[in-house]
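Trainee: I would like to go through the side-chain contacts of this protein. Can we take them one by one?

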Amino acid sequence: MVVLNGLSFDIEDWFQVENLKEVIFCDQWESCELRVVQNTRKILRLLAENKTLATFFVLGWVAEKCPALVKEIADSGHEIASHGYGHELIYKMTPEEFYADILLSKDILESITGSPVIGYRAPSFSINPKSQWALEVLRSVGFRYDSSVFPTSFHNRYGSNGISRFPFQLLNGLVEVPLSIYPFAGAKFPLGGGGYFRLLPYSYFQLMFRRMNKQGKPIVFYLHPWELDPEQPRIKIRLNYRFRHYFNLEKTEDRLEKLLRGFNFVPMESLVDHYFPPTQYNPQAASYEGAMGSIPLILNA
């Protein structure tokens, strides 16, 4: 049995991550060395060599600075989706700020590619029980699916306990595609990628992926371009953030290549279509003005 796994990359540069926000502020981004193009092209090369398509959740700021990169990704057959514009945590934004952020990002990406952008992922998976109102805002501007929920709560920035760990549809029609975890003996083991892919041995991911796929269950996996860049600038930050950001960067590219050779991956859009065919999707979204009242979305059901 062939199981389709969702593959995605969050396209942001090394200086835009949450771990560095204490020392590099948004108004300093313009002065930082731009490395996202060369690092994203590493990913594109690996995908082409392994005949694999993926979803690229592109930050609007990056798209503005590097429109040719966005076009290159799209022309290679990959899905372009939104990572917002300014990489702000959703639970630190107002609904109005969030609406403006995602609309700007969506407009920029669609103007570059000429195609609808239907997928979204929040920076640092920051849609949680405190910010679930964002799911209604996403629906109101025409997104078909979201992949911003991490079904665990051991991380200090994100997590939503008690929700499905597999794709499901919300009452407003939006499809949620959570990052993967594996529950065992009362614990929840992360499989979604990112820092966990650098921290834990590759054999762990290989074993867990095979186990999940043997059960007929998909994996939803992600990485950042800067995670394939051991030569990026090293910034002095608090010790735990430094560990999260810089650990095993030199191993990521090789591990990603092994993963691509060993498992079947598709873009997130294809995974959503597989579980929720477009004929089941209602494209009529509620207006934003009416979205901030009673929201029929329950993440912890």
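Trainee: Over the face of which residue does Arg-238 lie?
Mentor: First, this is a predicted model, where local features need pLDDT of at least 70, side-chain atom pairs count only at pLDDT 80 or more, and totals for chains, interfaces and linings use all residues. Residues are numbered from 1 along each chain as its sequence is written, and side-chain values use heavy atoms, with hydrogens and water left out. A charge sits over a ring if NZ of Lys or CZ of Arg is within 6 Å of the ring centre and within 35 degrees of the ring normal. Arg-238 is 4.5 Å from the ring centre, over the face of Tyr-241.

Trainee: Over the ring of which residue does the charged end of Lys-217 sit?
Mentor: Look for the ring under the charged end of Lys-217. The ring centre is 5.1 Å away, and the ring belongs to Phe-166.

Trainee: How many salt bridges does the structure hold?
Mentor: A salt bridge is a side-chain nitrogen of Lys or Arg within 4 Å of a carboxyl oxygen of Asp or Glu. Counted that way, the total is 15.

Trainee: With which residue does Arg-121 form a salt bridge?
Mentor: The closest N and O atoms are 2.9 Å apart, and the partner is Asp-10. The pair links distant parts of the chain, 111 residues apart, with Arg-121 in the loop between strand 4 (119–120) and helix 5 (133–140) and its partner in strand 1 (residues 5–11). Helices (H or I, at least four residues) and strands (E, at least two) are DSSP runs, numbered from the N terminus. So, by the salt-bridge rule, the name is Asp-10.

Trainee: Is Lys-106 buried or exposed?
Mentor: Buried means under 20% relative accessible area, exposed over 50%, and partly exposed in between (1.4 Å probe, protein chains only). Lys-106 has a relative accessible area of 9%, so Lys-106 is buried.

Trainee: How many aromatic pairs are there?
Mentor: Rings of Phe, Tyr and Trp (its six-membered ring) pair if their centres lie within 6.5 Å. Planes under 30 degrees apart count as stacked, over 60 as edge-to-face and the rest as tilted. By this rule, the count is 20.

Trainee: What kind of pair do Phe-98 and Tyr-120 form?
Mentor: Their centres are 5.8 Å apart, with 75 degrees between the planes. Phe-98 lies in helix 4 and Tyr-120 in strand 4, so the pair ties together parts that are 22 residues apart in sequence. The pair of Phe-98 and Tyr-120 is edge-to-face.
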